Amino acid sequence: RNFEHLIPDAPELIHDFLVNEKDASCKRNAFMMLIHADQDRALDYLSTCIDQVQTFGDILQLVIVELIYKVCHANPSERARFIRCIYNLLQSSSPAVKYEAAGTLVTLSSAPTAIKAAAQCYIDLIIKESDNNVKLIVLDRLIELKEHPSHERVLQDLVMDILRVLSTPDLEVRKKTLQLALDLVSSRNVEELVIVLKKEVIKTNNVTEHEDTDKYRQLLVRTLHSCSVRFPDMAANVIPVLMEFLSDNNEAAAADVLEFVREAIQRFDNLRPLIVEKMLEVFHAIKSVKIYRGALWILGEYCSTKEDIQSVMTEVRRSLGEIPIVESEIKKEAGELKPEEEVSVGPAQKLVTEMGTYATQSALSSSRPAKKEEDRPPLRGFLLDGDFFVAASLATTLTKIALRYVSLVPEKKKQNSFNAEAMLLMATILHLGKSSLPKKPITDDDVDRISLCLKVLSECSPLMNDIFNKECRQSLSHMLSAKLEEEKLSQKKESEKRNVTIQPDDPISFMQLTAKNEMSSKEDQFQLSLLAAMGNTQRKEAADPLASKLNKVVTQLTGFSDPVYAEAYVHVNQYDIVLDVLVVNQTSDTLQNCTLELATLGDLKLVEKPSPLTLAPHDFANIKANVKVASTENGIIFGNVVYDVSGAASDRNCVVLSDIHIDIMDYIQPASCTDAEFRQMWAEFEWENKVTVNTNIIDLNEYLQHILKSTNMKCLTPEKALSGYCGFMAANLYARSIFGEDALANVSIEKPIHLGPEAPVTGHIRIRAKSQGMALSLGDKINLSQKKTSL
């Protein structure tokens, strides 16, 4: 091969050898030589042995895929000739070949059969590969396929195959899979999707060995919630399964179920009897006070028949236990021990005395029952623990059902009896709260709420009836409508982002005028040009590397009068930093062993030490250094340039470099999460950094926008909640780093009216993160941006 220019007939000889040779190893080597010597002859031979391509080695198969891709882009008429070869390579034993073949097939053909074959190949790769990073990469390729409208229709038929990926235990893979399935689901396959998800939910019911089981259950609940909202016919099948999780130990999953039930019972009138019936069945088994409070509210709001109201009262009495609570608890504390529990004889023990003789010892002991608190009904336990907020909710629920009972039952005696029972329960709870039995006394707010409910029941005025039984439900309806509007608005914004507008002066790339060496990127050029003509460009063109380099600020590392001048471009990539350092010898001497010595501060690590150079007088050189980034926090790169002067007998010379500060903002991206997730993370995160607002901005909204721009965070508080002017503002911010670390912030600011209209904004920003470095770095960034503003 090295002397092929001396043998004009070499390609023909190799081709003849290939045709006649039987040994597979020799044929592989000869074919590789033929590709190098004459691609046209190699392609001619390949077209005659397409069915044998799977017998070639993995490396050769990858070479064939690349060769077919280039040839088909250079000569589109060759596609039909080699497309079958790519189909055959989809069945290769090598995962790398299958991945490349699927990607090439998608770029060469937009036919539904080709897209289906490529997607099926991707799904098989995800299931069979053990590396989670590989699974995530291939999942991203599937998501890219979904972005194309015509491909999306093909992928909709593969939803059930995609759900096979849920067998992977990794939470991130499952999260992406569920989101992809939810995006692809349609009325044709939603029923099958719901069946699979219900089975997955039931599987997680008794599985506790994996730490992510609770989070996975939460994901499944949310996915079923979304399916039920989009396809109301499925709600009746989903609700009975999910209602069982209200009694789950994992409060987060139960809270998601409760939120779903609340939305479903408001939107779907026909499901209300079913939901109330299931709620009454699981009510006594609820273990969390937060879930208990929500269930009470739902029962009080939506129990509309006399039988359901009686059932609610029965469940409340059952959950509260014997009343009056104070008297019964005092009796229990001071009560005499039962005979069988009074005296217990311990087992006799044989002991050895000091004299060496045996002695028998026995003991009598009296004890009270060990499980005193376990026998308490759930609501009674909450109250004795000092959680009287649930008592205020119970008072509201009792008031609602009592007022509704009065309107449903004409007999005055029954009305008075029901009202009296409800008022008795409230009074006994008030008495308990004022006693010394609970761990924490009742708060004044809860006392006021319960007292108000007692007064409402004693008067039964029509105005209060309307407020309790109509206005509350209207408030929920308004909140759900606002939430739906916000979701539609965000979806609209996302769809608008996808459609990139083509400006009048944008350049047009003609396929016929494109050089062959410019077609190295694996993209369907015909499809891209067609989409560009229609103004629907799906993916952004890669930025010009030279232009991006010119846009970056040069970091000067040494002074202009130093013997060695150095400056650097800092290229921040996803997981590493590349320093492109220009070193200039400003002396008339030859510098030997000129070395760039770097060190890092923070969670940065130098990958390799740059090799020494020899610089001629007034010569220059470029040195590249790679720094690995492990987490999101501010870092510093510092060091020096050391060198020897040719012919000098002195020690090594050293020029100290300026510090290079790595900005945390390069790794933080805006993200969104639900209110429940935000509250959960806020409670879990260990590190908090409180930053005092110090700015000259006088407008609250302007300051909030300035903070969002400075920190790359996203405001989770809806725009409607921030609109208007009232002199103060509170907003929640959220961002996520490329390493998967979460950052939370709460902005609490006000405009001091007494200082005049030109007074600057005051307040605090509280930052919470899982790591100390991230919390401190974000706080430093906010402080720095405030100082810039104040200047």
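User: What is the mean pLDDT of the protein chain?

Analyst: First the idea: pLDDT is the predictor's confidence in each residue, from 0 to 100. Where pLDDT is low, the predicted coordinates should not be read in detail. Here the protein chain has a mean of 76, and 74% of its residues reach 70 or more. A contact, by the way, means heavy atoms within 4.5 Å. Residues 516–523 are also below 50, with 19 such contacts.

User: How many helices and strands does the protein chain have?

Analyst: Both are DSSP runs numbered from the N terminus: helices are H or I with at least four residues, strands are E with at least two. The protein chain comes to 31 helices and 20 strands. As for how the chain folds back on itself, take contacts between residues at least 6 apart in sequence: 67% of them join residues at least 24 apart.

User: Let's zoom in on one helix. How many residues of α6 are buried?

Analyst: Buried means under 20% relative accessible area, exposed is over 50%, and partly exposed is in between (1.4 Å probe, protein chains only). Of the 791 residues of the protein chain, 42% count as buried. Helix α6 is mostly covered, with 11 of its 14 residues buried; among them are V97, Y99, G103 and L108. The helix runs over residues 95–108 and reaches 20 Å from its first C-alpha to its last, close to the 20 Å expected at 1.5 Å a residue. That expected span is 1.5 Å times one less than the number of residues.

User: What comes in the loop between α6 and α7?

Analyst: S109 is found there. Its relative accessibility is 15%, so S109 counts as buried. Leaving out residues up to four places away in sequence, S109 touches R79, I83, A114 and I115. S109 and I83 are 26 residues apart along the chain, and their C-alpha atoms are separated by 8.5 Å.

User: How do I read an aromatic pair?

Analyst: A pair of aromatic rings is described by the distance of the centres and the angle of the planes. Rings of Phe, Tyr and Trp (its six-membered ring) pair if their centres lie within 6.5 Å; planes under 30 degrees apart are stacked, over 60 edge-to-face, and the rest tilted. This structure holds seven aromatic pairs. In one of them, Y99 and Y122 have ring centres 6.0 Å apart and planes at 55°, so the pair is tilted. The pair links distant parts of the chain, with Y99 in helix α6 and Y122 in helix α7 (residues 112–128), 23 residues apart. Y122 is buried, at a relative accessible area of 1%. F283 and Y292 make a tilted pair too, because their centres are 4.7 Å apart and their planes are at 40°. Both of these residues are buried, and ring pairs link F283, Y292 and F382 into a cluster.

User: Which residues other than glycine have a positive phi?

Analyst: Most residues other than glycine have a negative phi. Here, N593 has a positive phi of about 50°, and H618 has one near 60°. N593 is found in strand β8 and is partly exposed, at 39% relative accessibility. H618 sits in the loop between β10 (613–615) and β11 (620–629) and is exposed, with a relative accessible area of 53%.

User: What does S588 touch?

Analyst: Not counting residues up to four places away in sequence, S588 touches P617 and H618. S588 lies in the loop between β7 (576–585) and β8 (591–601), and its relative accessible area of 59% makes S588 exposed.

Note on methods:
Residues are numbered from 1 along each chain as its sequence is written. This is a predicted model: local features need pLDDT of at least 70, side-chain atom pairs count only at pLDDT 80 or more; totals for chains, interfaces and linings use all residues. Side-chain values use heavy atoms; hydrogens and water are left out.
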